[in-house]
Amino acid sequence: MQLVATLPTALRRLGRAVVDGVLPPRCLACGSTVDNVDALCGSCWAAITFFAPPCCAVCGLPFPHPMGEGAVCGDCARQHPSWDRARSVLRYDKHSRRLVLMLKHGDQTHLAGAFGRWMQRAGGEVLAGADLLVPVPLHWTRLFVRRFNQSALLARAIHGAGGPPVAADWLVRRRRTPSQGTLGPLARARNVRGAFALRPGRSVKGRRVVLIDDVLTTGATAEECARVLRRAGADYVGVLVLARAVRVGS
Ligand SMILES: [Zn+2]
Ligand SMILES: [Zn+2]
């Protein structure tokens, strides 16, 4: 009788020991052992900048000190983007770059789950009342080579963490654009102009959509996608990205 009662507990304990032994939680960035899953170790955590309030009410650019409710940064005051509101989880710099590239090129698709949960938490203001998540698309030739679209992976992970449904193929890339890597802001904007379209038969009229991307640098891609969604009648366009570049001095 005693044996029957304790056996399941013993098995459970053994099972957990086996799981812990085989898969100790690893730092997402460097792979060193950590206490919790989906976590960074102390030194990676300290190196990566997570955005936190106070920040620009429109684009989420962090402010060095509180500026009051609804305050916007200089860029947003000069020209309001085509999207309504943007937020990002972390600063895109040499420390976070590795993490972002692991998702993009390293086939580390399990990372998407952790990033999606971070984005869902950081993007509360952008996601509030949203109907659809729209990942920024890759051109099919690039998708063919890479086999997955990192933005779609992130969108699915955000949905998995309690976010709205994903409209994975609603936005399409009509032409293959050269890599934005070495281009300045104006060239980037020219590069992506007219590159995106809404897939025929899909409608965002009257809907609240949130664009999902891995990195926001000059914002040219998000701006172009937001214009397409606006022209198609979207009521609200949010932008939620994993990492955002911040210019020195802003
Ligand atoms: Zn680490
Ligand atoms: Zn701003």
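Cys 41 counts as buried, at 10% relative accessibility (buried means under 20% relative accessible area, exposed over 50%, partly exposed in between, with a 1.4 Å probe and protein chains only). In this predicted model, Cys 30 is partly exposed, with a relative accessible area of 41%.

Both residues are protein donors of the zinc ion (ligand 1), together with Cys 27 and Cys 44; the SG atoms lie 2.3 Å from the ion (donors are N, O and S atoms within 2.8 Å of the metal, or 3.2 Å for Na, K and Ca). The angles among the 4 donor atoms are 106 to 116°, and the site is tetrahedral (four donors with all angles between 85 and 135 degrees). The donor spacing in sequence is C-x2-C-x10-C-x2-C. Cys 30 and Cys 41 both lie in the loop between helix H1 (2-22) and H2, so the pair ties together parts 11 residues apart in sequence (helices are DSSP runs of at least four residues, H or I, numbered from the N terminus).

Cys 56 and Cys 73, 17 residues apart, both lie in the loop between helix H2 (42-47) and helix H3 (74-78). Cys 56 is buried at 0% relative accessibility, and Cys 73 is buried at 8%.

## Basis of the values

Residues are numbered from 1 along each chain as its sequence is written, while chains are lettered from A and ligands numbered from 1 in the order in which they are written. Local features need pLDDT of at least 70, side-chain atom pairs count only at pLDDT 80 or more, and totals for chains, interfaces and linings use all residues; side-chain values use heavy atoms, with hydrogens and water left out.

Key:
Helices (H or I, at least four residues) and strands (E, at least two) are DSSP runs, numbered from the N terminus. Four donors count as tetrahedral if all angles lie between 85 and 135 degrees; four count as square planar and six as octahedral if opposite donors are over 155 degrees apart and all others between 65 and 115; anything else is irregular.
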